[in-house]
Amino acid sequence: MKKLLLTILKIIGSIVAVVLVYVVLALALPLIPVGEDEVSESKTVEVYLLTNGVHTDIVVPVTNQYMDWRTEIPVSDTKAGSGNFKYLSVGWGDKGFYLDTPTWAELKVSTALKAAFWLSESAMHCTFYNKMVVGKDCKRIMITAGQYAELVNFIKNKFDRDAYGKPVLIPTDAVYGSNDAFYDAKGSYSFLDTCNTWTNRGLKVAGQKAALWTATDFGIFYHYK
């Protein structure tokens, strides 16, 4: 019995230690900056960072001379069905959180555990907008055409695709409004690889300011005050 008790205490102690290490790293690593790349090319492409207080999205022009996102994400996939929108926000995250947890009050323990430990699928959330309003929750960034090409490839490569190479739409009524849609995505969400980690990685790929690593939106927006 004594040995069993000691074993249980060791297991509990190990779990507590791992949680403490994670908390310390989650607080410290976002403060370490990754600098913006120096470029000689003109910064002509406007993109945005958007947060709802928990989840971050990368916002790109719906169309410009470099990319027409309507060929990937048609407006017809949304409830609106049509519209001349100017911007498209794209976020990656846990499929269960996106589709089954519209508010924190509806979060299930099973959903949280699956999301934390690589046990559920992921999804892309795409939303069309007519305008962006710069503020605490929305930051404007100007990047070069070359950096935008890297960002476009980064975003496109996260979508699961059908036999025709098109993103796979998730048929669901669990959308957040009339202008958004969900798509199947690659990878599994976890406490080490979150929606914000994905956005932060996109910033690095595009040669922009970013955190060394972050699980939260704070770690991104801290570098864009």
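I count a contact when heavy atoms lie within 4.5 Å. Helices are DSSP runs of H or I, at least four residues, numbered from the N terminus.

The model is predicted, so I note its limits: local features need pLDDT of at least 70, side-chain atom pairs count only at pLDDT 80 or more, and totals for chains, interfaces and linings use all residues. Residues are numbered from 1 along each chain as its sequence is written, and side-chain values use heavy atoms, with hydrogens and water left out.

**Helix 4 and helix 5**

I looked up which residues meet here. From helix 4 come Glu 150, Leu 151, Phe 154 and Ile 155; from helix 5 come Trp 198, Arg 201, Gly 202 and Val 205. I sorted these contact residues into 5 nonpolar, 1 polar and 2 charged (Ala, Val, Leu, Ile, Met, Phe, Trp, Tyr, Cys and Pro are nonpolar; Asp, Glu, Lys and Arg charged; the others, Gly among them, polar).

Next I checked the axes, as lines fitted to C-alpha atoms over the stretch in contact, with angles from 0 to 180 degrees between N-to-C directions. Helix 4 (residues 145–156) and helix 5 (residues 195–205) have axes that come within 8 Å and cross at roughly 150°. The two helices are therefore roughly antiparallel (the term applies over 145 degrees).

**Charges over rings**

I required NZ of Lys or CZ of Arg within 6 Å of the ring centre and within 35 degrees of the ring normal. Lys 158 lies over the face of Trp 92, 4.6 Å from the ring centre. Lys 209 has its charged end over the ring of Tyr 224, at 4.7 Å from the centre.

How values were computed:
Angles under 35 degrees count as roughly parallel, over 145 as roughly antiparallel, 65 to 115 as roughly perpendicular and the rest as oblique.
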